[in-house]
Each structure stands twice: as structure tokens, then as C-alpha cells.
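Trainee: Please take me through this structure, one region at a time.

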Amino acid sequence: MIRVEKELSVTRPAATLAERVSISLRVTAADFSTANPLALRLIPEKLARRLQVYPLTESDREIVVATANPDDMDMEQAVGFASGRRVVLRFAPPAAIAEAIDAGYSPQDAVTAAPEISDTELAETVRMLETLDPEAITEEDVQAGPVVKLTSLILRNAVVTGASDIHIEPGSKRGGVRFRIDGVMRTHMQLESRSLNRIVSRIKVLSKMDISDRMRPQDGRARVEVNGKAYDLRVSTVPTREAEKVVIRVLRPDNTRGLDECGLKGQELARMRQLLSLRDGIVIVTGPTGSGKTTTLYSAIKEIASEDVNVMTVEDPIEYELPGITQMQVETKRNVTFASALRAILRQDPDVIFVGEIRDTETAQVAAQAALTGHLVLATLHTNDAMSSVARLIDLGLDRATIASSLRGAVAQRLVRRVCTECGGPGCKACGQTGYKGRLPINEVAIMTPAITRLIARGATAAELQAAAVSYGMRVLRDVARERVSEGLTTITEIERVLGDSGEKDSPDPAEQPVPATALKRVLVVDDDQMIRHLAVAALTGAGFAAEEETDGAPVLKRLAAGEKWDLVVTDLHMDVVGGVELLSAIRGAAATAGMPVIVLTGSAEQDTEVALIEAGADDYIRKPIDPPRFLARVKAALRRAGG
């Protein structure tokens, strides 16, 4: 991350002296090149100056600080109390510490000292673009003053570090600039409020806001080009007690990708594409603000848009411009609302309609009418899970019969941080010492089957609808999240941060390392009945197993021949090519797999069949349809008997 600070350096004679003193004191010399700006937030500047210490790095348990007096017990105690961490001391000369404090906490008028990048280089990498007619501002404008330079530097650093939002927060005397990176706020710099207020004014000018009005919230837009790529900025200001706070949303053009490129995978990706293949009905994507709902729907639109499909959208605001798509902007001042825009769109012969958000009864009713008259409507709602969208639509004024007739599916989504591929989690320069870089979606995808539709129409409870969705193949958010943990893509700590603490502990210290896939018991489900297969897999993954599936015994025989093994195999008795009896015989006939437990599923209730299978070597025999709790109990019993 590029920081607005002076370069911290120690001349060679001073460095040599520091090394000698550190050796005599038996304290490691401070290395300012390792300093992490995240550590600064733990020690207030006033305390750092009084104690003459400089925070270098931090973790959940420790803070490393540079000091010229390692024997000062009062200082060590004060730092520990302020930071809430065990203190590790490093030695540095007083002059080096003073220089570090000036550079790290409050660069002497950083507006006039904006560093590390020349005016010419900044002009080449950052250009403010007009909304309709992109033009670079002039070289004179870039060099007009330090405020322009520092504003451009903040925008440049936000783009380079992958920030989704920039928060500029003046206080009474001092304030800060924070970036939201991968969903988590990070302090970028601290400045005097007079400097931040000038930056706020500069941003308001760029966003075509009223610079003289500081008493009312305002919204605006701007465009910036960084390293040759254009980014849209959504700007919002609110008056505070001290000044105005600005939040800038950075909209990245590379966010409009296909569903698989966005991180959807496996069963959830297949079910999502199944919903997108429909020609009518409503498909809802739910989740809190910032969960990536709109990005997912943009990706969905990108997949289904073609020359023979007319896609139209109603958005507030339009976040990304999609080629070949007609996009309408909600303008309440001009009486262009979601509902009125939807009515206008229906006269434009659309095939697919994207509604940015269903917020009120009128919009919900028009969306349902569009769905019932042969249009596929994609929309977002704010609910906690997929099936809660039914209750939300009822709250918005739709009757159950209309919902049952129009709703085709619901997708709940959260975004979790991805484990950094450079360091694998401990923290490095690439991930800003956080251990995470980038995010991936966690989804649960509910498809409205005829049985679920009947439940909606007769007034089933939320719990009943949730249970029915799971029984027809939906994996809940936490089950999908656990799978991503087992794949090493994220961590249990991150899942708990986003979804909440489940009260379960999968390892003695889950905050430190993701659970490896090898720690989970592998169970293979072989069945040509999709509903049974998905129900079994959902139950297994929810119970912490690494579940896999096949539709016939033939590919399983090939995998066995290649040396693959599982802790347990659950197989259907009757399948088209290779059935359960033949598969069981192959498993028991090979020395490498003879002890592998096998459970057979069948719809037959004949006792002779059960006896024959047990005598052939089956460890258990379960009749369909399966009941998830009883099914899991039998699976665990079979593993216990096998020593698993």
C-alpha cells in the first residue's frame, strides 16, 4: 500500500551505533522497513509522542514497538494497556523514532508534502474524467496545488490497493482517510482536519456538488482514470458535528464477469444457471448491503444476454454499463421510480428485466405482474437467507397465491475474504499483513419446486419452507462456507465474522489456520435420483463430512481402479449401468478397499433384499426416501463400526 509519509531512513553511522547499542542492551534493533500502518491505530499519536515509541507491527496477541529506552517498565505497561497486546520491544535511536512518528502519524502538512510520487508521474497515472466526454485535466491543474495532488494520490492508492470504498472523515482537529478492502476497514492516513476539509471540497467540485452547501447530504458522481483504466466514483457527503464526511464508492469495470469467474462453483453454480434458463417468473437475490448481490446479477445478465434476448434494467444507481443492455436510472426528482420505470419497460417488449431492488408494494406488484405475463424478472431484496424472501414479499403486500405463482427461485449471498495465495494466511506485503486478499461468494440457492410452491400457497412457516428447500437440494450458507474452508479458500474465523459464531469449534485454534480438506471424512454418494443424491449430500456436508456424488456406479469403478478411496460409500441398489450389487462386489473383492464401509439405498421394502445385501457385505441398508437425521445417524454408526 502506498502511504503518504516521509521515507524512513537512518544514516549508516547512526545505524551502526543503533546496532551496537541494541547488542549491549540485548534488544533487537528496530527495522522500520517492516512497519505496518495497521499498528498505528493501536497506539494514539499523543501517547506515542509522550512515551517516544513507534508501533512497527501487530498481531492478535502482540504489538512490536520501537523505543530508545527498553528498560522503561512504565512505558511497556502503558503500551500494553493501550493496545491490549503483549509488548515486544525493539531498539532505535530517539531521532529515528521522532522521525517515524512525524512521518507515520502526522506528516507536517501532508497536503504540502505528498511524497513518493512525482507530479508528472501522478498526472500520467491519475486523470479525472468528465462523465460524458472523457478528457484529461491539464498539467497545470495537476500542479495547481498540493490539494489536487493529494486528492489524486488518495484515489490512486484506493484503486491500486483494491479498495471498494474511501472514507474521508474530518474531526475537530484531526481526521483520517480509511479504505474498505475486502469488506474490512483499514486506516490509510491521518491528517489535520483543515487539510481534509480542503480535500472534501476538491471532491465535491469533481462530483459537481454544491460546494457552498455544507448543511445537507449530497450525492454526486465522477470518473477517474488510473493507469489507463477508467473507474466510476459514486460520492456521498453527510454533515457532521465538525465538518462533512465523504464516502466514495469505487466501481470497477472488471467486476462484470461470468458467474464462474465470480466464484460460484459446483452445485450452487449449476442451480443458479438452472434458474437463469427459465423464461418467466421472479428470481430473487438476497443479502445485506455490500454482499455482492448486484455484482452477481450483473454476471447473470452477462451470461444470458445475446442478440435474440432483450434485457432491460431499472437501477438506482446504474453501477456498471453493460454493452447491448438497455439500462434505466431511477430519478425520483423527475418521478422516475422503480415502479414507473418497470411499467414503461413492459411496453418495450423485454425478455429479461433486472430490478435493482424491490423496495415497496408498488414495485413488488409490478414485478409480479411482469413475471406472470411471460418475463423473467431478476431482483434484489434485503433478507438473511433465501427462503426469507417469501416473508419479505408478503410484508411488501403480495398475497401468497401470487408469490407461489411467480417466484421461481431465491439466492442468498455473503462475501468472505479469500486466504492470500502469496502467504497462505500469516500475512505479507501483498495482503497488507492481513492474511487475506480478495473475496469469494458464499451462496445458498433455493429452487421453487411444485411441493414448495404448494407450501407457500397454504401458508407454511419459514422453518417448514427452509426444511423443504434443503430436502430438494439447497445447501444452506454455512454448509457451503464449510466446504470453502475445507478447500483452504477461507478460514473458520472469517466465516464466523460474516455469518456469526455457530458455537462450534472445528479445531483447537481455528483463528490461526483453515481446516485442511484431509481432516474431513470423505463420503461418496452414488444415486441416479437427483433429489435423493442432493438431499444426502446436503445432510452430509452440513454434518461436517466432505461429500461427493456420482450418478452411476460405472465412473466409481474407474475411480476405484485408479486407486481412489473413501471413508464410506453410500450407493443406490438399482442404477442404469452399474448398480449397487455390482459396485459392492467390486469394493469387497479388492484388497485395498475390502474394509471400506458401504451403505445401500433402495426403495424396496422386501426383507429378502435386505438379507441378501447384508450377506453380500453391505454394512447397512436404508430405505428411501431418506430422513436426514436418521440417515446421518446410520452413517456415523457405520463409520464407528469401521473404526472411523
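Trainee: What covers the buried residues of α19?

Mentor: The elements covering them include α11, β16, β17, α20 (492-499) and α21 (530-542), where contact means heavy atoms within 4.5 Å. Buried means under 20% relative accessible area, exposed over 50% and partly exposed in between, with a 1.4 Å probe and protein chains only. Please keep in mind that this is a predicted model, in which local features need pLDDT of at least 70 and side-chain atom pairs count only at pLDDT 80 or more, while totals for chains, interfaces and linings use all residues. Residues are numbered from 1 along each chain as its sequence is written, and side-chain values use heavy atoms, with hydrogens and water left out.

Trainee: Why is α19 described as largely enclosed?

Mentor: Helix α19 (residues 477-486) has seven of its 10 residues buried, so the rest of the structure largely encloses it. Those residues are Leu477, Asp479, Val480, Ala481, Arg484, Val485 and Ser486. Just after α19, Gly488 adopts a positive phi of about 80 degrees. Helices (H or I, at least four residues) and strands (E, at least two) are DSSP runs, numbered from the N terminus.

Trainee: On to the sheets. What is the strand order in the open sheet of seven strands?

Mentor: The order is β13-β12-β14-β15-β11-β16-β17, with mixed pairing; two strands pair if DSSP finds at least two bridges between them.

Trainee: And which strands stand at the edges?

Mentor: The edge strands are β13 (326-329) and β17 (436-447); each has a single partner strand, so one side of each lacks a neighbour in the sheet. On average, neighbouring strands of this sheet are turned by 20 degrees against each other, direction ignored. Axes are lines fitted to C-alpha atoms, for helices over the stretch in contact, and angles run from 0 to 180 degrees between N-to-C directions.

Trainee: How many bridges link β12 and β14?

Mentor: Strand β12 (residues 311-315) and strand β14 (residues 352-355) pair in the parallel sense over four bridges. Val311 has Val352 in β14 as its bridge partner.

Trainee: Which strands does α11 lie across?

Mentor: Helix α11 (residues 266-276) lies across β11 (281-286), β15 (376-381), β16 (407-419) and β17, and runs at about 55 degrees to β17.

Trainee: Now the sheet of five strands. What is its order?

Mentor: That open sheet runs β19-β18-β20-β21-β22, with parallel pairing. At its edges stand β19 (546-550) and β22 (620-623), each with a single partner strand, so one side of each has no neighbour in the sheet. Strand β18 (residues 522-526) is joined to β19 by five bridges, and Arg522 stands opposite Ala546 in β19.

Trainee: Where does α24 lie?

Mentor: Helix α24 (residues 607-616) lies across β21 (598-602) and β22, at about 150 degrees to β22. Helix α25 (residues 628-641) also packs on the sheet, touching β20 (568-572), β21 and β22, and its direction makes about 175 degrees with that of β22.

Trainee: One last topic. At what angle do the axes of α17 and α18 cross?

Mentor: The axes of helix α17 (residues 450-457) and helix α18 (residues 462-471) cross at roughly 175 degrees and come within 10 Å. That makes α17 roughly antiparallel to α18; angles under 35 degrees count as roughly parallel, over 145 as roughly antiparallel, 65 to 115 as roughly perpendicular and the rest as oblique.

Trainee: Which residues meet there?

Mentor: Ile452, Leu455 and Ile456 in α17 meet Glu464, Leu465, Ala468 and Ala469 in α18.
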